[in-house]
Amino acid sequence: MKFRSLGFASIVATVLMAAGSAQAATVAKLGHGMPASHPQAIAMEKFAELVNDYTNGEISVNVFHGGMLGSDEKELQATQTGIQEFYMGILSPLSTRVREIQVWDLPFMFDNTEEVTRVMNGPIGDTIFKKIRPAGLVGLAWTGIGFRDLSNSVRPVKTANDIEGLKIRVMANPIALATWKALGANAVPMAYSEVFTALEIGAIDGQENPLVHMYANKMQEVQKYISLTNHVYTTAALVVSERFWNTLSDDNKAAVSKAAKEAAIYQRELLEKADQDVIDQFRSEGIEVDSVSPEELAKIRERTAPVVDEFTPAIGEDLIKQLRSELAEIRKASN
């Protein structure tokens, strides 16, 4: 009798172990470039939490902050091949293959976050997600890391003429270079990992980035002035490897999509609050933060308008026409 009981117990244990194994979570990696304190990092932790909840624990997402899995380009490549399941960040490394992505780099196209959000979540955002699908990526949600502003250590920038002659680090893309050259700056393409040291030793005068990104990377230690130019909005996308996506059930695909959209909204909300908080923080640490008057912004826009015209054929005449039409409708509705 004793042996029978032991045998039965063994069978029960085996069945339970098999059931537990069958229900083991699929573990996925999500990588992005922002430090753990950044709103994007907080939003991605929220995404992981929501995915776990909405899939009833069937998918577990491990989030890797601060470029732990590599640069944006390397993480995108890893996501394309399926080595990495999720990526959050800019899509510009794909712009040579998907020219439409460059639309986000055009200067002074958007007046506020509401305009960006509606365009990202409309036909243009959908078009770009369709275009990246052949690259092995499935777009889940658009969000962003905010409008880019200008900082420097030479002088306050309150007018269009104040930009002239400043040695400014810019992103290594042709639109950014053309924009700052049009404004009279000495535009220097440089890897962001080198920027702090270059500012510290005076090799460059300034840089341009979203405010929260500036603060998270301690620009306040090597810069004296910030100007709220809002010249470009830096979009970001949460994408998933198509290889991984194709392994998911329809229910889990719907759950992941829902989690992504909610996390994207959460990220934008965090950023809006963080922008004002960080302005106050910059000022408390002795940084002069200046607005640029509408009159001077109009002059800056005028100087950069030829840049939009120059790159419109490469990005797509129809896409730019569609963008202008959408913005006109949005502005008309808001007036």
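Student: Which residues in H6 meet which residues in H11?

Tutor: One thing before that: this is a predicted model. On the H6 side you have Pro174, Ile175, Ala178, Thr179 and Ala182, and they meet Arg303, Thr304, Val307, Glu310, Phe311 and Ile315 in H11.

Student: How do the residues of that contact divide into nonpolar, polar and charged?

Tutor: In the contact of H6 with H11, seven are nonpolar, two are polar and two are charged.

Student: And at what angle do H6 and H11 pack?

Tutor: About 160°, and their axes are 8 Å apart. Helix H6 covers residues 174-182, while helix H11 covers residues 294-315.

Student: So is H6 roughly parallel or roughly antiparallel to H11?

Tutor: Roughly antiparallel, because the angle is over 145 degrees. As for handedness, H6 passes H11 in a right-handed crossing.

Student: OK, new topic. How many salt bridges does a search of the whole structure find?

Tutor: The search finds 13. Side chains of opposite charge can pair when their charged atoms come close.

Student: Let's look at some. What does Arg331 form a salt bridge with?

Tutor: With Glu115, and the closest N and O atoms are 2.8 Å apart. This pair links distant parts of the chain: Arg331 is in helix H12 (residues 317-334) and Glu115 is in helix H4 (residues 113-120), 216 residues apart.

Student: Is Glu115 buried or exposed?

Tutor: Glu115 is buried, since its relative accessible area is 4% and the cut-off is under 20%. Arg331 is partly exposed, at 28%.

Student: Which residues are linked with Glu115 and Arg331 in a network of salt bridges?

Tutor: Asp111 and Arg301 are linked with them in that network.

Student: What about Glu49 and Lys46, where do they lie?

Tutor: Both lie in helix H2 (residues 39-54), three residues apart, which is about one turn of the helix.

Student: While we're in H2, is Gln40 buried or exposed?

Tutor: Gln40, which is found in helix H2, is buried, with a relative accessible area of 2%.

Student: What does Gln40 touch, then?

Tutor: Not counting residues up to four places away in sequence, Gln40 touches His32, Gly33, Met34, Met88, Ile145, Ala236 and Gln267.

Student: Last one: where is Pro134 found?

Tutor: Pro134 is in the loop between helix H5 (123-132) and S4. Gln80 is 54 residues from Pro134 along the chain, and their C-alpha atoms are separated by 9.6 Å.

Notes. Residues are numbered from 1 along each chain as its sequence is written. This is a predicted model: local features need pLDDT of at least 70, side-chain atom pairs count only at pLDDT 80 or more; totals for chains, interfaces and linings use all residues. Side-chain values use heavy atoms; hydrogens and water are left out. A salt bridge is a side-chain nitrogen of Lys or Arg within 4 Å of a carboxyl oxygen of Asp or Glu. Helices (H or I, at least four residues) and strands (E, at least two) are DSSP runs, numbered from the N terminus. Buried means under 20% relative accessible area, exposed over 50%, partly exposed in between (1.4 Å probe, protein chains only). Axes are lines fitted to C-alpha atoms, for helices over the stretch in contact, and angles run from 0 to 180 degrees between N-to-C directions. Angles under 35 degrees count as roughly parallel, over 145 as roughly antiparallel, 65 to 115 as roughly perpendicular and the rest as oblique. A crossing is left-handed if the near helix is turned anticlockwise from the far one by less than a right angle, and right-handed if clockwise. Contact means heavy atoms within 4.5 Å. Ala, Val, Leu, Ile, Met, Phe, Trp, Tyr, Cys and Pro count as nonpolar, Asp, Glu, Lys and Arg as charged, and the others, Gly among them, as polar.
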